[in-house]
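Hi everyone, thanks for making time. I'd like to walk you through one model today, starting with the backbone and ending at the ligand. Here it is on the screen.

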Amino acid sequence: MFTNYIKVFQLIAAVILSASVYGQKNDHSSFFPGKLWPDNDGNHINAHGGGILYHNETYYWYGEHKGANSLAEVGVRVYKSKDLINWSNEGVALEVSTDPNSEITIGSVIERPKVIFNKKTKLFVMWFHLELKGQGYAAARTAVATSQSPTGPFKYIQSFRPNQKSWPQNFELSQTQENIEEQHLEWWTAEWHQALVDGLYVRRDFKKGQMSRDMTVFVDDDDTAYHISSSEENQTLHISKLTDDYLGFSKEWVRVQPGGQNEAPAVFKHKETYYMITSGLTGWKPNKARSFKAKSMFGPWEKLANPAKGKNADVTFFSQSTYVLPINRAEGIYIFMGDRWNPKKHSDGRYIWLPLVVKQGQPAMEWQDEWSLDQLKYISDNHKAD
Ligand code: GAL
């Protein structure tokens with residue numbers, strides 16, 4: 001009799017437990033790339049072009065708040081999570097300004113925010129792509145803000161055209177002196193392409209600082225931080241070392257893939273090798289991702305294959321890279337984070353997060369309709385790092 005009671009009790013407990021597990025599964029225990037991603041209040045996460053900061057065993061997801069169009073009307077949002085799937089809305093980390101004279105006034109363009117933590121100053125440092133109000137994408141600036149707390153409020157510091165009056169470390173002396181003038185060249189001709197590879201725009205912008213559009217930041221194991229951005233009319237990437245406080249440019253920098261037309265850079269490290277994923281240049285429309293590797297952040301960077309594999313790999317599963325999050329660096333396991341933009345209604349842009357594995361020196365990812373962190377653990381346990 002007594003054992004029967006125990007059996008009934010066990011049965012009830014099992015039903016309750018499986019119901020709660022089922023409930024969780026129904027809510028958020030899997031990633032559903034491309035589907036609406038509700039935060040803990042049930043609203044689709046609004047953090048586009050984003051990046052992740054892992055701090056005190058907590059993940060912070062920063063991204064562009066998008067309204068109907070792509071101009072900044074709120075600022076940079078931040079969400080918090082312990083498991084990367086369930087996110088609480090922590091509000092606006094960096095708010096746009098109502099002052100029309102502020103560089104981050106409502107109607108400016110604030111894109112691809114990334115936050116890093118400076119161990120010396122104990123400040124959270126946010127970098128983002130800034131375009132000034134009413135100027136389209138002509139200003140081509142990068143900007144910095146800081147906060148004492150990961151959820152903000154971040155205080156706007158200043159914007160830059162990077163590396164003013166300093167030549168890249170991988171420039172020849174002769175390149176600093178060439179004298180081909182831009183107005184004599186027609187865009188997209190072979191002569192124009194050769195001139196830009198030779199440094200046409202680096203020389204043009206030497207005094208006022210280099211252009212900086214799509215960008216990211218990366219902190220190395222020795223705490224050196226780098227700013228990586230699309231420059232020279234989006235034709236060439238620039239990798240620049242930041243100052244020790246992460247608030248400015250050290251003026252040590254290199255050009256990467258001159259004339260290679262790379263945007264949307266995302267950098268990560270596996271063992272002693274640096275990897276980078278980028279996109280081509282088709283605005284909000286998706287294109288084929290690229291990948292690169294290097295033994296040093298300052299290169300040389302070797303071009304690898306398209307990291308996307310399988311169906312729709314030629315359009316990166318209809319997405320554009322924004323960040324790569326390390327999960328198990330020793331084994332080469334990461335999460336690729338991309339944006340599936342919706343220029344008709346920007347707030348409805350979707351997130352494409354997929355497991356990314358480095359195999360024989362090549363990052364690779366495949367489409368999944370649904371996947372869980374257990375799957376990532378399974379891959380991690382069964383993948384032999386090379
Ligand atoms: C994309 C870029 C986005 C945004 C957009 C504007 O290529 O990656 O961040 O700048 O162009 O058209």
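This is a predicted model: local features need pLDDT of at least 70, side-chain atom pairs count only at pLDDT 80 or more; totals for chains, interfaces and linings use all residues.

Let's begin with Pro153, which has its place in the loop between strand E7 (141–147) and strand E8 (155–160).

To find Pro300, look in the loop between strand E15 (290–294) and strand E16 (302–303).

Now for phi. Glu232 is not a glycine, yet its phi is positive, near 45°. Glu232 belongs to the loop between strand E10 (225–231) and strand E11 (236–242). Is Glu232 buried or exposed? With a relative accessible area of 1%, Glu232 counts as buried. Ala264 also has a positive phi, near 55°, but look for Ala264 in a strand, E13 (residues 263–270). Ala264 is buried too, at a relative accessible area of 0%.

On to the ligand, which sits in the second largest pocket. What surrounds it? The shell is Glu111, Arg112, Tyr137, Asp214, Glu263, Gly283, Trp284 and Gln320. By type, that shell has four charged residues, two polar and two nonpolar.

Gln320 brings a polar side-chain atom to 3.0 Å from an oxygen of the ligand, and Gly283 has a polar backbone atom 3.2 Å from a ligand oxygen. On its own the ligand has 310 Å² of accessible area, and the protein covers 88% of that.

Thanks, happy to chat!

Key:
Residues are numbered from 1 along each chain as its sequence is written. Side-chain values use heavy atoms; hydrogens and water are left out. A residue is near a molecule or strand if one of its heavy atoms lies within 4 Å of it. A polar contact is a pair of N or O atoms within 3.5 Å; within protein, one must be able to donate a hydrogen and the other to accept it, and residues adjacent in sequence count only if both atoms are side-chain atoms. Accessible areas come from the Shrake-Rupley method with a 1.4 Å probe; for residues, only the protein chains shown count as cover. On a 1 Å grid over the protein atoms alone, a cavity is a set of points where a 1.4 Å probe fits but cannot get out, and a pocket is an open set with protein on both sides within 12 Å along at least five of seven lines; lining residues have an atom within 4 Å of a point. A molecule sits in a cavity or pocket if more than half of its atoms lie within 2 Å of its grid points. Ala, Val, Leu, Ile, Met, Phe, Trp, Tyr, Cys and Pro count as nonpolar, Asp, Glu, Lys and Arg as charged, and the others, Gly among them, as polar. Helices (H or I, at least four residues) and strands (E, at least two) are DSSP runs, numbered from the N terminus. Buried means under 20% relative accessible area, exposed over 50%, partly exposed in between (1.4 Å probe, protein chains only).
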